[in-house]
Structures are given as C-alpha cells and as structure tokens.
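Dear colleague,

I am passing on the structure below, followed by an account of what was found in it. Please read the notes alongside the coordinates.

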Amino acid sequence: MKLPGSLYDLNRRSFIGSALALGACQPAAQSQTSPISLPPLRSIAPFPVGTAVQAMHLTDPALARLIATQASQLTPEWEMKMEYIVLDDGSFRFEAPDAIAAFARAHGMGLFGHTLVWYAQTSPAFERLDEGRVSFGAAYRNYIHAVVGRYRGQAVGWDVVNEAVAEDGEGWRDSLWSQRLGAFEHMVLAFQHAREADPNARLFLNDYNLEWIPKKRATFLRLVERLLAAGAPLDGVGTQTHVAADQPPGEIARTIRELGQFGLAVHVSEFDVSISRAQGLMPNRLELERQQAALYGEAAEAFMALPPRQRFAFSFWGLRDKDSWLKREDAGDTPLPFDDQGRPKAAAAAWAAQVG
C-alpha cells in the first residue's frame, strides 16, 4: 500500500528519525505542535490500519479527510453496539452504522464490527422478553443474525464477545446473557450464530487491561483455549490496549506475543496511550510524552514481530486528540497519534518507525 514514487518512499527513515529527534528536544509546551512530516500511516503499514469512528465524525470535513487518508479500516466506536441498535420496543435501527459502512465502501476501507455481546449492555426488550412468544435463545440468535447479516460481505470481522473476563482475573463476568444462556454457553452460541450469519467474517474475542493485569491476561488465555476446545469458530483475539504513559515497558510486547501463541489472528483493537491516567511517577509532561511515544513504538514493534498472517489489524481508538473518549475525563489528555489539528505527533512517528 505504499505510494509509488513519493518523496517519502525515497528517504522514509530519515523523516521518521528527524521527527523523533524533534519531538524529544522540544519543550513540553511545544511538543504537541512541533512540525512532523509523515506519510499516511496506511501507506507504510503492511497490515490494515484501523480507527474508531462515530457517524458524526464523518460530517466533519477535516476529520473525514484525515480518516480517509490515514486509515484503511473502520470500527464503529459505539453505534454497532446494542445500546444504539436495539430500541426499547425491540425494533432495530441501523442509520449510524449504515453511514459508517457507506463511508468505508466509498473509500475502499474495511469495516470491523464492534460488538455483538457485551456484559455491560442489555436492552429493555431483552430484559422483559415474553418467553411465551419467543424464547430468549431465539431472540439472542435473531439479534446476532440481524446485525451480522446486514453487513455480510462487507464486514471483515467482528468482536463477537467483548470484555468477558472479570477485572481481577477471577473467572468471567456475570451478565444477563450468562444468567439466561450459561456462563460459557452464551459465548459459544454467539460465535456459532455469527458464523452462521457470515461464514467469511473473522470472529474475535476482545478484552482490555491484558497488559496491566497479568492474572486477567492468564484467564483470557485460558478462555481462548476453552473456546477452541469446545469447537467455537474463534478466528482471532483482540487486545484493546488502552494504556497510560506509565505502563511498564515490555508488557505490551509480552501480551501481543502471548496472544500470538494460538496461531489465531491478533487485533490491537482500541489503542491509545493516556497522559492523564499516568500515576504521577514521571517528573513532567515532556517525560510522559516521551514515554507515550516509546509505548507506541513498542506496540508497533511487537505487532510486526507476529507472523504476517496473524497481523489482522492495528486499530487506534480515534486519530485526533480532540475526538478521544478520554477527553471526557480530562480535557488536557492527548492520547492519540494526531493532535487536535490532525497533525502527526512524536507518538505517530515512533509507531511509523517500527512498521515501515
């Protein structure tokens, strides 16, 4: 996906090296605005580069242009989740995910479905289901078939089960789905129904804090083993990789390496590195930004170390800082590869240095 004949292709590494050096020597107040020259990320990565989007993002011309230029795959940030699709009366709406799917088609991009089954979301329609009219299991299957089937042939994959492991690593989360269909059984059913609805989409188990909590990672790996042993059509594993700038070095790489042991596709599915969530052990913001860039580089290097067939995609949870979900916690956070104006940061340069 390189841009033939571009100036960047002639001296890519010198650009990246200059960008990293520039980002490292600037004062903290200037480090986010220093000019860095990089080619589109999608043009240098030998795998799909993803980003999360909301339908409203696509109405912002500058952001839509940045997305189309930098990314080759889209993940709806929340508008393919049950909270959006299922209305209180049990009917479905698809306007927002349809708009995202249409943008992806128009720009030759992949579409990644997120997410079918999540412990944190149910719908009043499921909670008050009249078993005399339709069984819970039938409604569960119908929902998955309706959503996956709508994007059959376009969606390259799905987060079928999201965040199934308890935060402390002690087993799996309790949910309406586990209560009604079985703690393990509801997961197997979800994968089976998704495969029925689209035999060609790749199906993922996705979770977070796998880098930060080793016990949770171990439980996640055991769940993968059990799903495979049960014959669930599991094609890949996703690690969200929402981390803070004080994330211990090496844990992202270790997580990606351990996820790769099954030979399944690996998706770095929601990557960002928060400055504000760091625990204050680093002396100043400049040091936090340097560590942020180092973590971007570590993640990219570890992903590149996977066999090419296992590199499903590397997805950022947004491109511009101003659009990040972390802004709701702290307006000063800058977790993404591009600044508020859509200019590449040192973090983007560190990432690009490892994949190009």
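Which residues in H11 meet which residues in H12? Arg217, Phe220 and Leu221 in H11 meet Glu251, Arg254, Thr255, Glu258 and Leu259 in H12, where contact means heavy atoms within 4.5 Å. By class, this contact of H11 with H12 has three nonpolar, one polar and four charged residues; Ala, Val, Leu, Ile, Met, Phe, Trp, Tyr, Cys and Pro count as nonpolar, Asp, Glu, Lys and Arg as charged, and the others, Gly among them, as polar.

Before going further, please note that this is a predicted model, in which local features need pLDDT of at least 70 and side-chain atom pairs count only at pLDDT 80 or more, while totals for chains, interfaces and linings use all residues. Residues are numbered from 1 along each chain as its sequence is written, and side-chain values use heavy atoms, with hydrogens and water left out.

Helix H11 (residues 214-229) and helix H12 (residues 251-259) pack at an angle of about 15°, with their axes 11 Å apart (helices are DSSP runs of H or I with at least four residues, strands are runs of E with at least two, and both are numbered from the N terminus; axes are lines fitted to C-alpha atoms, for helices over the stretch in contact, and angles run from 0 to 180 degrees between N-to-C directions). That angle makes H11 roughly parallel to H12, a description used for angles under 35 degrees, with over 145 counting as roughly antiparallel, 65 to 115 as roughly perpendicular and the rest as oblique.

Helix H13 (residues 285-304) and helix H14 (residues 346-355) pack at about 25°, with their axes 8 Å apart, and are therefore roughly parallel to each other. Residues in H13 including Tyr296 and Met304 meet residues in H14 that include Trp351 and Val355, and the residues of this contact divide into nine nonpolar, three polar and one charged.

The axes of helix H8 (residues 136-150) and helix H10 (residues 185-197) come within 9 Å and cross at roughly 40°, so H8 and H10 are oblique to each other.

Finally, His114 lies in strand E3 (residues 110-118) and, at 2% relative accessibility, counts as buried (under 20% relative accessible area, with exposed over 50% and partly exposed in between, using a 1.4 Å probe and protein chains only). Among the residues that His114 touches, not counting those up to four places away in sequence, are Trp158, Glu270 and Trp317.
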